[in-house]
Amino acid sequence: MIIDGKKAAADLRADLKKKIAELKSTYNAVPGLTVLLVGEDPPSKIYVKNKEKFAKEVGMNSEVIRYPENIEETVVLSKIRELNNNDKVSGILVQLPLPKHIDKRKVIETILPGKDVDGFHPINVGNLSSGYDSSIPCTPLGCYLLLKKVEKNLNGKHAIMIGRSNLNGKPMTQLLLKENCTVTIVHSKTKDLKAECSRADIIIAAVGKPKLVKGDWVKKGAIVIDVGINKTDSGLVGDVDFDEVSKIAKAITPVPGGVGPMTIACLLNNTVECFKKVQSK
Ligand code: NAP
């Protein structure tokens, strides 16, 4: 089974569009997403353009604030504080990476946790790992939703998380633990990656190494979620050797068209959730 992330994302957006219309009729207001983009990083510009497009498509208010590469950190921080106090803004996202002179940690910690749609604020990270309600980082949330489409009950499954980044690996392990998986986290210092992978019922790869996971690393019937996006001479590829692994796995996400489309849909979902929490207070 090839897991169709494009379709899953389109379904989630359609569902959000309905929810937003209902929220509008109940509260006479719609969720608002504000994205701050600093500099001219080409992939960031593409991501932000898509975020804006899909936010509008589902009926949200969407705003992008663009700053030049050399903008002072204080300007960005004071804009975030202003947005924190703006009732029309449900979610704030600062597009990463930021230029070196801007302290990413300071920026993330300035966003009000209740408007942190990326789920990067330490309060949200802590809440997620404590099993409390929190914003969940968008890419792991997308992986989780795709995984649940294949297998509703993950109880007792052995999952391998390849990669331990704050963005992907660490939050994903929390979601897997919540589902009662037995989770192994592997990384660049792991001794025998192949042996670890070959024991897993679920493999999630968020590494950034083209086709790292080979067919003979994967147990027959495993579910494989590929987060990696790697530019190669033959186009975009994931961290999993799709041709080899798709013959062995029970289900696998393609690259492109797997996890990628879910990330923005989950960002919109997080924005709606932030809006709902404020309205229900
Ligand atoms: P990252 O911060 O660079 O983390 C990569 C992780 O992989 C690290 O934990 C690293 O280990 C581990 N690693 C590196 N080489 C390894 C190896 N040979 N064997 C085992 N583990 C290894 O990357 P990231 O931000 O999580 O992103 C990972 C990939 O996902 C990238 O390709 C990125 O483009 C993609 N991505 C996709 C989406 C999407 O929407 N689909 C979103 C975000 C990212 P150490 O900790 O030991 O260094």
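Ala, Val, Leu, Ile, Met, Phe, Trp, Tyr, Cys and Pro are counted as nonpolar, Asp, Glu, Lys and Arg as charged, and the others, Gly among them, as polar. The structure is a predicted model, in which local features need pLDDT of at least 70 and side-chain atom pairs count only at pLDDT 80 or more, whereas totals for chains, interfaces and linings use all residues. Residues are numbered from 1 along each chain as its sequence is written, and side-chain values use heavy atoms, with hydrogens and water left out.

Pockets and cavities were identified on a 1 Å grid over the protein atoms alone: a cavity is a set of points where a 1.4 Å probe fits but cannot get out, a pocket is an open set with protein on both sides within 12 Å along at least five of seven lines, and lining residues have an atom within 4 Å of a point. The largest pocket has a volume of about 1,400 Å³, where a volume is the space filled by probe spheres set on grid points that are joined across faces, edges and corners. Its lining comprises 48 residues, of which Tyr47, Thr139, Ile229, Gly260 and Thr263 lie nearest the centre. By class, this lining has 26 nonpolar, 14 polar and eight charged residues. Helices (H or I, at least four residues) and strands (E, at least two) are DSSP runs, numbered from the N terminus. At least two lining residues are supplied by each of α1 (5–27), α2 (42–57), β3 (91–94), α6 (138–150), β8 (230–232) and α10; the largest share, seven residues, comes from α2.

The ligand sits in the largest pocket, by the criterion that more than half of its atoms lie within 2 Å of the grid points. It is surrounded by 21 residues, the closest being Arg164, Ser165, Asn168, Ser188 and Thr263; a residue belongs to this shell if one of its heavy atoms lies within 4 Å of the molecule. The shell divides into eight nonpolar, 11 polar and two charged residues, and helix α10 (residues 259–279) gives the largest share, three residues. Polar contacts were defined as pairs of N or O atoms within 3.5 Å; within protein, one atom must be able to donate a hydrogen and the other to accept it, and residues adjacent in sequence count only if both atoms are side-chain atoms. A polar side-chain atom of Ser188 lies 2.5 Å from a ligand oxygen atom, and an N or O atom in the side chain of Arg164 is 2.7 Å from an oxygen atom of the ligand. From the backbone, a polar atom of Ile229 is 3.0 Å from a ligand oxygen atom. The protein covers 71% of the 930 Å² of accessible area that the ligand has on its own, as computed by the Shrake-Rupley method with a 1.4 Å probe; for residues, only the protein chains shown count as cover.

The structure also holds one cavity of 30 Å³ or more. The largest cavity has a volume of about 60 Å³ and is lined by Ile92, Leu93, Val94, Leu96, Ile108, Ile111, Asp116, Asp118 and Phe120. Strand β3 gives the most to this lining, with three residues. By class, the cavity lining has seven nonpolar, no polar and two charged residues.

Leu96 is also joined to Pro97 by a cis peptide bond, with omega about 5 degrees; Pro97 is found in the loop between β3 and α4 (104–110). A cis peptide bond likewise joins Val255 and Pro256, with omega about 0 degrees, and Pro256 is found in the loop between β10 (251–252) and α10. Asn28, although not a glycine, has a positive phi of about 55 degrees; Asn28 is found in the loop between α1 and β1 (32–38).
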